[in-house]
Amino acid sequence: AVPDMLVLHGGGGAGNEAANFGLGISLKVGNAASEVEERGSIDLVLTDATNASEDVELNFKLMIAGAAPTEVLSIVGGGLDLTSGKVLSVAGTQVVGARVVDARADDVVDATYGAEEAGVIDALRDAMIAHGLIAAA
């Protein structure tokens with residue numbers, strides 16, 4: 001077992017913890033004008049405070065274009081949750097997030113595709129749009 005070397009304790013355990021209670025780590029860095037501001041944070045949020053069925057989220061917030069840090073990624077019970085408009089890239093290649101549909105993914109019946117094939121392509125494209133994997137052209 002690995003011993004806990006750092007423990008962050010939030011709440012007193014006196015029944016005052018409720019949904020949206022949590023604690024965080026603020027990351028502050030200076031800029032070219034020597035202004036030290038919060039540039040990011042890691043926040044643990046209690047989303048369900050019910051005894052024996054507690055749920056939490058681990059949220060990552062970043063400063064983008066000089067604005068106050070906003071959530072870009074959450075780790076939740078169901079997995080990773082990218083904030084709307086954000087993408088997941090692996091080795092510089094986008095693998096999750098809105099993409100514009102490639103012009104080759106059309107549902108036009110022509111010499112290459114018959115009506116059945118075009119229908120399958122259309123259904124696949126609609127499902128990918130519905131689940132946010134690609135964006136409608």
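Predicted model: local features only at pLDDT ≥ 70, side-chain atom pairs only at ≥ 80, totals over all residues.
Residues are numbered from 1 along each chain as its sequence is written, and side-chain values use heavy atoms, with hydrogens and water left out.

The protein has one helix and seven strands; helices (H or I, at least four residues) and strands (E, at least two) are DSSP runs, numbered from the N terminus. The order of elements from the N terminus is β-β-β-β-β-β-β-α. Of the 137 residues in the protein, 12% are buried, where buried denotes under 20% relative accessible area, exposed over 50%, and partly exposed the range in between (1.4 Å probe, protein chains only). Contacts are defined by heavy atoms within 4.5 Å. Among the contacts with a separation of 6 or more, 21% are accounted for by residues 24 or more positions apart.

Strand pairing was assigned where DSSP finds at least two bridges between two strands. Strand β1 (residues 21–30) pairs with strand β2 (residues 36–48) in the antiparallel sense, over 10 bridges. Within this pairing, I25 has I42 of β2 as its bridge partner. The two strands form a hairpin with five residues between them, and S34 in the turn has a positive phi of about 60°. Strand β2 also runs antiparallel to β3, to which it is joined by eight bridges; β3 comprises residues 55–62. In this second pairing, D43 stands opposite N59 of β3. The hairpin of β2 and β3 has six residues between the strands. On β3, the pairing continues to strand β4 (residues 70–76), again in the antiparallel sense, with five bridges. Here L62 stands opposite T70 of β4.

D43 lies in strand β2 and is buried, with a relative accessible area of 16%. When residues up to four places away in sequence are not counted, D43 touches L23, G24, I25, E57, L58, N59 and K61. The C-alpha atoms of D43 and S74, which are 31 residues apart along the chain, are separated by 9.3 Å. S41 is likewise found in strand β2, and its relative accessible area of 7% places S41 in the buried class. Leaving aside neighbours within four places in sequence, S41 is in contact with I25, S26, L27, N59, F60 and K61. The side chains of S41 and D43 make a polar contact at 3.2 Å. A polar contact is a pair of N or O atoms within 3.5 Å; within protein, one atom must be able to donate a hydrogen and the other to accept it, and residues adjacent in sequence count only if both atoms are side-chain atoms.

The structure holds one salt bridge, a term applied to a side-chain nitrogen of Lys or Arg within 4 Å of a carboxyl oxygen of Asp or Glu. D43 forms a salt bridge with K61, and the closest N and O atoms are 3.4 Å apart. Because D43 lies in strand β2 and K61 in strand β3, the pair ties together parts that are 18 residues apart in sequence. D43 is buried at 16% relative accessible area, whereas K61, at 28% relative accessibility, counts as partly exposed.

Most residues other than glycine have a negative phi. N20, in the segment before β1, has a positive phi near 75° and is exposed, with a relative accessible area of 65%. A52, in the loop between β2 and β3, also has a positive phi, near 75°, and counts as exposed at 73% relative accessibility.

The accessible surface of the protein comes to about 9,800 Å², and 59% of this area belongs to carbon and sulfur atoms. Accessible areas come from the Shrake-Rupley method with a 1.4 Å probe; for residues, only the protein chains shown count as cover. L6, L8, I25 and L27 make a nonpolar surface patch of about 380 Å². Patches are made of residues with over 30% relative accessible area and no salt bridge, with like charges joined within 9 Å and nonpolar side chains (Val, Leu, Ile, Met, Phe, Trp, Tyr) within 5 Å.
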